[in-house]
Amino acid sequence: MEILVIDSQGGGMGRQLVAAIKGNFPDFTVTAVGTNAAATTAMLRAGADRGATGENPVVVCCRDADMIVGPVGIVIADAMMGEITPVMAAAIGQSKAKRLLIPVNHCDNIVIGVSELSMSRLVEQTVEQIRALVG
């Protein structure tokens, strides 16, 4: 199973996701792609199997991923303070992978009907969803 984790800014969410996914599914390959070096570094330190930074790695890694995990902003062009390019958003949206989008209300993107949960609870729910998808 190839899981692609995408994050931006400081990579805090991505770091928690990578640690939780590797902790629960140690045999899965986790690729971390940050929109900047800080995000990539944080995810690599959390245990990602490999990592890269920038637009082209997002495009390339979306081709082979079975699942893409990240904040909901990864599918919105110009989200995350402009770090998500239109090309990135399109590549993620057009990927054949299952997309597990974490609802966070940041950078003028507000998801209606979603409870405000702690980051740790959102990560737990993401791991539960991965478990349900892989059986």
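Two residues are in contact when heavy atoms of theirs lie within 4.5 Å of each other. Keep that idea at hand as we walk through this protein chain, which is a predicted model. Take the contacts between residues at least 6 apart in sequence: 69% of them join residues at least 24 apart.

The protein chain holds six helices and five strands, and reading along the sequence gives the pattern β-α-β-α-β-α-β-α-α-β-α. The radius of gyration is 13 Å, close to the 14 Å that the globule rule gives for 135 residues, so the protein chain is as compact as a globular protein of that length.

What about the inside and the surface? Of the 135 residues in the protein chain, 45% are buried. The protein chain exposes about 6600 Å², and carbon and sulfur atoms supply 51% of that area. As for charge, there are 10 positive and 13 negative side chains, and the centres of these two sets lie 5 Å apart.

Let's finish by zooming in on one residue, Val 75. You will find Val 75 in the loop between β4 (67-71) and α4 (79-82). Leaving aside residues up to four places away in sequence, Val 75 touches Ala 89, Ile 92, Arg 99 and Leu 101. Val 75 and Glu 55, 20 residues apart in sequence, are 13 Å apart in space from C-alpha to C-alpha.

Key. Residues numbered from 1 in each chain as written. Predicted model: local features only at pLDDT ≥ 70, side-chain atom pairs only at ≥ 80, totals over all residues. Heavy atoms only, no water. Helix = DSSP H or I, 4+ residues; strand = E, 2+ residues; numbered from the N terminus. Rg over C-alpha atoms; globule rule 2.2 N^0.38 Å. Buried < 20%, exposed > 50% of the residue type's maximum accessible area, 1.4 Å probe, protein only. Areas by Shrake-Rupley, 256 points an atom, 1.4 Å probe, with all protein chains shown as cover. Lys, Arg positive; Asp, Glu negative; His and termini not counted. Charge placed at Lys NZ, Arg CZ, Asp CG, Glu CD.
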